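Colleague: I'm new to this one, could you walk me through it?
Modeller: Gladly, let me put it up.

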Amino acid sequence: QGMTDASARTRLQREMVPAPTPCPLPRRTTRRSLVPLLALVLCPHLPAAPFSPANTQDIGFRLSSPRFPPRVETGEVPGHMLFLEVSADLVQWSETARFYERIHPFAQEPIPLQGHRYHRVRITPADAADGWVTQLRLASPRFFAPGGAGALPTIKFSFLLSTPWQVYFQDTVRYPFHFDFARAHVPGYATIPAAEFYRQSLYPGAAQRMVVGTVMKAPRAGVLEAGIEITGATAFPASAVALWVDRVRKHLAADPSWRIFYLPSPEQRAETEANLAAFTAFGIEVSHLERWASLPSPP
């Protein structure tokens, strides 16, 4: 279905933009894949302006891998948000993911088993109202709560168990708490009481609907390490946590020199240590926050 919980600003911009004429498929940007046809439609519209060749730019939108599931990517668009949209008929479009400045190779899910699906990227200038992204660039400070004075740069994330491919990395300066972000942006959570939100996110069992956690970066500049923590009031099964960590890890954009760890919280530590094989099966390195406490002081 795609993400439809856009901000009021974005909704107003859409209302101001006249309906664009059908966007032509640009030369050498349409690729065929095995799924059975994935047409990449390069049609980024600038806000509050009608579509025309003058306000369309080549951002290198392409299919980066024809293997299943296919991956899309773009070049750099500094200072802009990129919205990946999907359509079955080139008329009705739905947002499925959003990015800051660039789409690194990204596997679009879920993949339809039949029929055609078309993609386009819409770009708008980034501003303080942009509350989240689907893919997190570890090298960028954008959306992170800054570190300093011994604190770690951190960003909160969440996803619904019913749509685990839609990971929300929230602007943690604007929304320091999962609950406030969920009420503002997650479909179906606008009026959820705090107690019910915590019941659905912090406890294992039939009532759980959401996974919440934090991505942290090493506190010292130049140390290319990050950690994923799953938040819970009690231990979740290690087999489930390994799946969740792998899901979040796949939405992190970083060059190969970065090391990404699972950092179990105190509530998860005993369960994790008793079931390390569950993480090894996914190639997940398990560590602890103490690894960064022993870093030498900068010169």
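**Contacts and cores**

Modeller: Leaving aside neighbours within four places in sequence, Leu138 is in contact (heavy atoms within 4.5 Å) with Phe144, Val215, Lys217, Ala226, Leu252, Ala253, Ala254, Trp258 and Ile260. This is a predicted model, in which local features need pLDDT of at least 70 and side-chain atom pairs count only at pLDDT 80 or more, while totals for chains, interfaces and linings use all residues. Residues are numbered from 1 along each chain as its sequence is written, and side-chain values use heavy atoms, with hydrogens and water left out.

Colleague: Which residues touch the most other members of the largest nonpolar core?
Modeller: They are Leu138, Phe169, Val215 and Ile230, in a core of 32 residues. A nonpolar core is a set of buried (under 20% relative accessible area, with a 1.4 Å probe and protein chains only) Ala, Val, Leu, Ile, Met, Phe, Trp, Tyr and Cys residues joined through side-chain atoms within 4.5 Å.

Colleague: Switching topic, where is Pro78, and is Pro78 buried or exposed?
Modeller: Pro78 sits in the loop between strand E3 (71–73) and strand E4 (80–87), strands being DSSP runs of E with at least two residues. Pro78 counts as exposed (over 50%) because its relative accessibility is 58%.

Colleague: How far apart are Pro78 and Glu101?
Modeller: They are 23 residues apart in sequence and 5.2 Å apart in space, C-alpha to C-alpha.

How values were computed
Helices (H or I, at least four residues) and strands (E, at least two) are DSSP runs, numbered from the N terminus.
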